[in-house]
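Reader: I have a model open on my screen and would like to learn how to read it. Could you take me through some of its features?

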Amino acid sequence: MRIHAVEMTGFGPFRETARVDFDAFADDGVFLIGGRTGAGKSSVLDALTFGLFGSVPRYGGKADVHVRSRYLGPDEPTTVTVEFTVAQARYRARRSPSWDAPKARGTGFTRKAAQLELCRWADGDWQTIETKLGNAEIHVQQLLGLNADQFLQVVLLAQGRFQEFLVAKSEERRALLRTLFRTERFERYAAEMQDRARTVKAEVEQAEAVLATIIAAFARQARVDDPPQGTSAAPWASEIVAAHAAEVEQAQARVTETGDLLTTAEAAWQRARTTDERQQRRAHALARREELAAEHDLIEVHRAAVATARRAEPAYPAVTAQASAAARLEEARAALAGLPYAETDAEVLRVREQEFAHRLGALSGAVESERRLPTLQREAQAAEQALTEIDRATQEHLAERSTARDEVTRISAEITALGDCGADHLAAENTVARLRERLAAARRAADETAALTEAENRHLRLSEAAHQAESAWLDLRRRQLAGWASTVAAELADGEPCPVCGAPDHPRPATPGDDHVRAESVEAAEQAHAAARAQESDAKAEVEALRATLKATVEAAGGSTQELTAALGDAEAALATAAEAVTRRSALEAERTRFGERIDTLDADLATAAERREAAAAHATTCADALANALAAVAEARGDAPSAQARRDALQAEHEELRRVIALIETVRQRREAQAEAEQALTESLRDTGFASAAEVRAARLPAAEIGRLDGLVIAHDQDGAVVASVLSDPELADLPVDPVDLEAPAAAVEDARGAHEAATSDLATRQARLAALSDLAERITETIEASADLIARHGTVADLDLALRGLGANARRMPLETFALAAELTDILDAANIRLTAMTKGRYQLQHSDTVNTQGRSGLDLTVLDAHTGDARAPASLSGGEKFQASLALALGLAEVVTSRAGGLRLDTLFIDEGFGALDPQTLEVTMETINELREGGRTIGLISHVEAMKEQIPAQVRILVNQDGSSTIRQDTALVNAGAVTSDG
């Protein structure tokens, strides 16, 4: 991967567009990004991570308002463009953060969304391949083979992050390495194995519980206390099952014996019951025969009445029809008697009825016109009134339109007088916002100054404490070496050679003095010194961070609190005045719009009123004509009557009376014919049924229900007689004994035999059920024992493997699986780092992986530094500032090499190192620079950020960050001068 250039607009301190062309330094290999503190050197590297990944390390990964230049106007965008090459393909990533821009219309702000465009150079032009946020960032990570964290470890070694990996605790180092090398799979595998061990253990416990439950159930069935447990339960259960099987055979024999006795007793009882039933049948039949003989005469009377009623039934309808026809004829004659026209011929009456209908039809139209006269009069009046109302509304609209036009002219003149107050308000808002930010920064500066003072005092105290701890440790070390002879003498034995001189005699062995120092005391003092140095280093880092923060805050404020407060008050007053003007203009524009809309509405209403007046005038004429026509028609139709309706009602009443007489005459004629037909039908029916008169028919007829009841009594009597005769003639009832048979003795014998058989059967069923349950439980005991054997063996294997993967059990190193895998990666990193650290420290220091078991009984990813001068291994925190920088740089470069190789052989042609060189003395700086120069072999380009003067002299290829008068920064880069190694003083 090679980074060609980065271009920034409105980013950090760079208000105007600034571009750094890294390809210009390809021949030099190493170049320096220089400038005074706070100029924006690190902002160049921030732009790289923001353009590629959308994050900035020193802002906690956040961007948006943090990366926007404070020198930008509210409507000016921020853009970062990074050009790079991966696998012979050139790409361009262009990104803008989200920001609040002024609304195009009205006041206030609107949120502009973040944007990202990823392009590839093809066919002589940039071709867009992705614009959607999220997708484009994933695409960038896939192209580079690195995410943002890995990029900061292998390409961009950012300020303040050098020592993180070196002095980190084991768990912190583990978290970083697992992210870089994606070793979560080992932890997942160990977790899966632990879950599997838990599962198998639970299965074993469940199997043991199941076996105990089955044994307990077997004991309850067998009625045994204190059954054996475990594998010994199987033979015990088999013996009990065999004993119960023998008892079942004995119970089966008892059932067979009692069953035979029950069969014999039931046969004797059945014979006695059959004889008793036959005797009962014969006695019932004889009693019923006597009852039927007593009912014979009454049944014969019923039989004759039913026959007569059935003969009268066909003639009865003719009787009732003749009576009905005679009554209806008399009713019609009575209704016609005494009516007008009653004696007139029917045909004459029909002709007169048609004349009446014709005259009524002629009057219908006049009656309808007379009914509508009030409506027609109201419609004519309403039409005239509507015409008058339209004329009045038209005059009102004309007057209102004239007034509205005058108001529009007045409002437009006032708006013109206000001018472009929106731009003034926006400028005032921006001024107030900037002054508030600067005032807040000025107020923070006071708090940060106090915090810096407190941190500097703490650093001074910790430095003195570290110095005292170092003096104490060195003094103990010196005293230990001075008293080393007494330590050797304590191990001498008579007759054994001295390890120093080899003599077997030891006449005057040295004895420990009062100031003898034990090794434990020296080790404790060394650890106290290392801890004190670590605290001092942390305090120093805190001071440096607070100083940088305070400097940035003071630069952001750009003035005192009093000055900024006064300026803010003036700006807020100007903003209030501008806001009042904007509010007034908005109100006037809204009022002008309202009057304009009202004028448009009035014009439309006037046009509509003209159309309505024309239609109303035509309607008024139509209503007047209709009223005149109706009045003429009514006057002609009513004649001498008070009204046309009264004349029509009189004629209608006479017409109805005529129609009623015609209908009654027709009804009399029809009913006379019907009465004659009914008389003829009755005569024929009496002849056919044999009755002399209608009165005889009425007397003989019975209701259908009564006929059914009497007929049922007759039929039932006849059927009962036949049944009794049949029963008495049955051969089974012949030769029966006269005395009743005895049923009690056979029944008692059956009950006794049945009780004995049921008892034997119940006993057999109970014993068979218990035997089946015991057999099933005994089989389950055997199966459970056999299955548990394999499960217990598998649990032992899985449990041992689970403990080993978690750093327990047989794991001698006490190192979990993922930590073991990361330790292998860490070893490769240290091997690569030590190549450079040995060169930079001239063989004095080497980094080592420590797998010593800690107080918690675990080993992890701890680091130690082997000092060749003393032969001791110590904590990285005990190194001096310059030594710590060298070790951190070597470790970062080693990490970069290993991560690169694990990333599929990705070649890194561009590398950046930000600060840290100021902690090196001139000799160490020279050695370190030699190591860095070796990194540019094979065409690699390395960018260094530093303010150290010696580096400016050693590195002629430079990019200068210059600060403008307004506080913003610009970049100066002259390729010709850079390649010639001649950089002017102004960059």
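Author: Gladly; let us begin with burial. A residue is called buried when its relative accessible area is under 20%, exposed when it is over 50%, and partly exposed in between (1.4 Å probe, protein chains only). By that rule Cys 623, at 5% relative accessibility, counts as buried. Cys 119 is buried as well, its relative accessible area being 1%.

Reader: What should I keep in mind about the model itself?

Author: This is a predicted model, in which local features need pLDDT of at least 70 and side-chain atom pairs count only at pLDDT 80 or more, while totals for chains, interfaces and linings use all residues. Residues are numbered from 1 along each chain as its sequence is written, and side-chain values use heavy atoms, with hydrogens and water left out.

Reader: How many disulfides does a search of the whole structure find?

Author: A disulfide is a pair of cysteine sulfur atoms within 2.5 Å. Searching the whole structure gives 0 of them.

Reader: In what order do the strands of the open sheet of 3 strands come?

Author: Strands (E, at least two residues) and helices (H or I, at least four) are DSSP runs, numbered from the N terminus. Two strands pair if DSSP finds at least two bridges between them. Here the order is S11-S12-S13, and the pairing is antiparallel. Strands S11 (845-850) and S13 (872-874) stand at the edges with a single partner strand each, so one side of each has no neighbour in the sheet. Between S12 (residues 862-867) and S13 there are 3 bridges, and Val 865 stands opposite Arg 874 in S13.

Reader: Which strands does helix H19 touch?

Author: Contact means heavy atoms within 4.5 Å. For directions, axes are lines fitted to C-alpha atoms, for helices over the stretch in contact, and angles run from 0 to 180 degrees between N-to-C directions. Helix H19 (residues 817-840) packs on the sheet and touches S11 and S12, its direction making about 175 degrees with that of S11.

Reader: Is Asn 834 buried or exposed?

Author: Asn 834, which lies in helix H19, counts as buried at 10% relative accessibility. Leaving aside residues up to four places away in sequence, Asn 834 touches Gln 846 and Leu 847. A polar atom of the Asn 834 side chain lies 2.6 Å from the backbone nitrogen of Leu 847.

Reader: And Glu 580: buried or exposed?

Author: Glu 580, in helix H14 (residues 561-638), is exposed, with a relative accessible area of 58%.

Key
A polar contact is a pair of N or O atoms within 3.5 Å; within protein, one must be able to donate a hydrogen and the other to accept it, and residues adjacent in sequence count only if both atoms are side-chain atoms.
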